[in-house]
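Please open the structure in your viewer and keep the selection tool at hand. The tour below moves from stop to stop, saying at each one what to select and what is there.

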Amino acid sequence: MSLDAKTVTRIARLARIGLQPGEVETLGQDMGSIIDWVEQLKEVDVMGVDPMIGTGLAKPRLREDRVTDGDCRDKVLANAPEREGPFFTVPKVVE
Amino acid sequence: MSYRITGSTGEWEIVVGLEVHAQVVSEAKLFSGASAEYGGEPNTHVSLVDAGFPGMLPVLNQECVAQAVRTGLGLEAEINLFSRFDRKNYFYADLPTGYQISQFAHPIIGKGKVLVDLADGSTREIGVTRLHLEQDAGKSIHDQDPTRSFIDLNRAGVALMEIVSEPDIRSPEEAGAYLRKLRQILRYIGTCDGNMEEGSMRADVNVSVRKPGETDYRTRCEIKNVNSIRFVMMAIEVEAQRQIEVWEAGGTVDQETRLFDHVRSETRSLRSKEDAHDYRYFPDPDLLPLVIEQSWVDELKTALPELPEAKRARLEAEYGVSRYESSVLCVEQATADFYETVARGADARLAANWMLGDFFAALNRTGRSIEDSPVSAEGLRELLGLISNSTINGKIAKEVLEDMVETGDSASAIVERKGLRQVTDTGAIESAIRDILAANTDKVDEYKSGKDKLFGFFVGQTMKAMKGKGNPALVNETLKKLLSE
Amino acid sequence: MSGIHDFTLASARDALKARKISAVELTNAHIDAIERLDGQLNSFITRTPDRAREGAKAADAALAKGEGGNLCGIPLGIKDLFCTNGVRTTAASKILGNFVPPYESTVTANLLKDGAVFLGKLNLDEFAMGSANLTSAFGPVENPWKRKDSDAKLVPGGSSGGSAAAVAAGLVLGATGTDTGGSIRQPAAFTGIAGIKPTYGRCSRFGTIAFASSLDQAGPMARNLEDCAILLESMAGFDPRDSTSVDTPVPNYEASLKRGVKGLRVGIPREYYTKTGLSHDVALLWEKGMRWLQEAGATIFDVSLPHTEYALPSYYIAALAEASSNLARYDGVRFGERVSAPSLDGLYEASRAAGFGEEVKRRILIGTHVLSSGYYDAYYLRAQKVRTLIQQDFLKAFENVDVLLTPTAPSGAFAQDEKPTDPVQMYLNDVFTVPASMAGVPALSVPAGLDARGVPLGLQLIGKFFDEETLIAAGHAIEQAAAFHHRPTLHAGVSA
Ligand SMILES: [Mg+2]
Ligand SMILES: [Zn+2]
């Protein structure tokens, strides 16, 4: 079943992807068919099953509290599409 | 006595819960090796991990975990040996990855409590719901350019503890007391410096109101990021007032996020409802669940410093100070330490008296803190010793303290230099008194005819004549004797 | 015909060490081949011939002194998902614009440390999202193979399609790939080469652009398993900068080639017959594979992986959920493509609309949807529970067998214009490869034969956690029995 335009628009807004009016419908159809297809998971009995988090292979590891990084502003800013002095810039955010 | 606001329909009770964001004291950030230090040139305390570069991965800082556990122990809270980091997804200019790593479903610390002291001498227990670790965001600077905001990521990724209280707070005063107590505990343990101006402690304030006797909560509003205790108290008052007006006008309060404007003393809605957030929390697949050992928790517990409540109880028992005195002495660990150094080998009650009185006044006057006090604990102890062994009297001691603050000389040196030893020679006292009585025969007559109050006048005159150095007890005794002759 | 383009990675290494050939010669020959053939194949996004020549010179200097690592002077191609210091890295997406990382991924740093020479960055499906290399912002990659009866352009598989095509055509001696749900194994099968997806946690993910963090694994792609073994040994290893990296020593994978399969217990998961759209050619090849292993001394067992059919839908939920979050950082602020707008949200929406391709957008939106309020439990949480069941299936099967043998893909390479219009049909390409990804276990693909139209087919071996060695031993037995020496229509050894 196709996802309705309102849902597609809401999701696109959450994901900050601007959509053309024409895209909403095709995306709704595509997403709908994929969602329908994954619905088959409802058949699986998952009572008492723990969800997988990671693959359970690595051991929890903690870093020592030392300054080992940073102080690399040139690297941080080198790819910025727009900047002002030492800052990234964005259109004014009104709070 | 309960705090009540009176509206047009009668009395209202307020219900407040606080979410405190406390910056963890650590060298490096929660998930990167960049410095967590406050300040720094823009975008210098930033690693490519903090800036969310492609392929960069978080690795958890052990000390930040330890700090959270220590704080949990300080709040007498449940320590969860299993906790987990989730991603909270939302877009914002100072959130480089598009998600904040935070412990949503499984916080490291569970239920705990904070005991707060109120002005009327009573205490209340405020429940702590949870404490979790999360990343701070960067900073957007809005006032540098008319059309653009500037982004500095120095704060991005610094470790925060979010400490959530139960909705147990019932007055602005309790909110203030809770924050002060929480800050005190954090400072004692050394997990947060509690500096609200630098933003290392800030509070989200959840406020609702209800009629006394109602058991359900009404809709609450969250006032975001209030950065001083005074403002928290003000914000609660004006927000409660606003909500009462809404209810009393027959309206309903909308659950929303608001902002406190202290200049206009009002709260304002921050976001429109249609843009409601949907954070899409899910376990961060770049990190493993955090599993800690009970033995490690025990080690941290053993190494914990004495906490404010325990210290107070001990000072009261050991030095006989009052509950009020102990509470003031224990606000800062350094003050309590200072006090104990003075009190050991001096009259402990006298020491408390002097610290709370003249000594704090001297600190205030000179704008110094206890850490760089112009008078050392040992110096103050010596001064009090001179009072106790009757070398000087209390009044002269005040003068000596002032001199100590000014010159840095020791109390005994000042006493010698200025010849301030008190006079205990009864002959000298008697002769001084006889001179006073002789010069004031009219007053002596009045006194003898029943005007008892004049006794103070004679004491004053005697002390004045003796340049304040008379032993007060001897002066009293001798005066009584001579006046009854 | 024994020319410079007949070298495998292993034989080139030996020739370099013996100073029978110089690294500069070898590198130049490959640069020439790229210039001749890649206009058509489009396997490279960024070529770095100057850097390569410099690297080759340094390699020769080292070799002359009898020094240099195991890959000294070996020309490789790098999937353009690995960040390379100072070299543009695109993930085949417009959104990364002219992104030049100031850092090197751990995997490529390991290869460089061993002396490898990088010829450039290889094409892929945008953000590794695809199974046909049709979603790249830099255009599709063409499979160097042709059907014997047609000139139709075939897809090389995906997402490591550029890596597969470049290796198959002899433009590089080996390449890095990444595999999230089959992105190394399926293109390897489609192009007649070998590829290994190691155990999750074996190769560091640091500096590799993420698609789905809990599934992404780097691995080698090369003409045969010997070459793959040599590459994997260099790529693998513990990395403290990746919390999911596993701290366990890297064995000598090359040595495991000679181990043989005597006494090996090989499982055949029956659900792979019944629950998938297996083509006739593929089914035949699979049976051949069983026979080859039996003849080499292995025993075949029937095993069951009951949750096989749910692997693909749960994979798409888990992978897309993670991807929707991983790709949020591409917002036009700190790097990459930016489309100006008067508001911050407008900037985000315009930049992301212009920067991401259709498939990536679709996947981000589905991932966003399955995590959104009210759907999390029904989709994401359930998928992760199913994932646990899938992993348990494998662990149970491995109580009785050492490896599993399956086909790599349901069919051979299809033509670019045969691309299914229904996204779900496209996803079915990964039906055999996804279960191992979901479980985190290692798997590989070896070329084992041709289908009726002359297009290569691969067989997949799936192994126990960190037992890549047994996989390589079994895979090598298949290689020897299959004697797959076919070369594609387009390859460097054939003068154009
Ligand atoms: Mg909050
Ligand atoms: Zn928070």
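A residue is called buried when its relative accessible area is under 20%, exposed when it is over 50%, and partly exposed in between, with a 1.4 Å probe and protein chains only. This is a predicted model, in which local features need pLDDT of at least 70 and side-chain atom pairs count only at pLDDT 80 or more, while totals for chains, interfaces and linings use all residues. Residues are numbered from 1 along each chain as its sequence is written, chains are lettered from A and ligands numbered from 1 in the order in which they are written, and side-chain values use heavy atoms, with hydrogens and water left out.

**Stop one: the zinc ion**

Select the zinc ion (ligand 2) and display the residues that coordinate it, which are B:His21 through NE2, B:Glu134 through OE and B:Glu162 through OE, at 2.0 to 2.1 Å. Donors here are N, O and S atoms within 2.8 Å of the metal (3.2 Å for Na, K and Ca), and since water is not among the atoms, sites may look incomplete. If you follow these donors along the chain, their spacing reads H-x112-E-x27-E. B:Glu134 lies in strand 7 (residues 123–135) of chain B and B:Glu162 in strand 10 (residues 159–165) of chain B, so the pair ties together parts that are 28 residues apart in sequence. Strands are DSSP runs of E with at least two residues, helices are runs of H or I with at least four residues, and both are numbered from the N terminus. Are B:Glu134 and B:Glu162 buried or exposed? Both B:Glu134 and B:Glu162 are buried.

**Stop two: the domains of chain B**

Colour chain B by its parts, which are domain 1 (5–299), domain 2 (306–418) and domain 3 (426–483), with bounds that come from an automatic or database domain assignment. The centres of domain 1 and domain 3 of chain B, taken over C-alpha atoms, are separated by 64 Å.

**Stop three: salt bridges**

Side chains of opposite charge can pair when their charged atoms come close. A salt bridge is counted when a side-chain nitrogen of Lys or Arg is within 4 Å of a carboxyl oxygen of Asp or Glu, and a search of the whole structure finds 73 of these over all chains.

Begin with A:Glu84 and B:Arg148, whose closest N and O atoms are 2.8 Å apart in a salt bridge. A:Glu84 belongs to strand 1 (residues 83–84) of chain A and B:Arg148 to strand 9 (residues 148–152) of chain B, so this pair joins two chains. A:Glu84 is partly exposed, at a relative accessible area of 36%, whereas B:Arg148 counts as buried at 18%.

Next select C:Glu418 and C:Arg147, which form a salt bridge with their closest N and O atoms 2.9 Å apart. C:Glu418 sits in the loop between strand 9 (403–407) and helix 15 (423–427) of chain C, and C:Arg147 in the loop between strand 3 (117–122) and helix 5 (161–168) of chain C, so the pair ties together parts that are 271 residues apart in sequence. C:Glu418 is partly exposed at 38% relative accessibility, while C:Arg147 is buried at 8%.

**Stop four: where chains meet**

Show chain A with chain C, where 46 residues of chain A are in contact with 69 residues of chain C, contact meaning heavy atoms within 4.5 Å. Between them, chain A and chain C bury about 5000 Å², 68% of it on carbon and sulfur atoms, where buried area is the accessible area (1.4 Å probe) that two parts lose on being put together, summed over both. How many salt bridges are there between chain A and chain C? The count is 6 salt bridges, and A:Glu82 forms a salt bridge with C:Arg338, the closest N and O atoms being 3.6 Å apart. On the side of chain A that touches chain C, the elements giving two or more residues are helix 1 (5–14), helix 2 (21–38) and strand 2 (87–91) of chain A, and helix 2 gives the most, with 9 residues.

Finally, show chain B with chain C, which bury about 2700 Å² between them, 60% of it on carbon and sulfur atoms.
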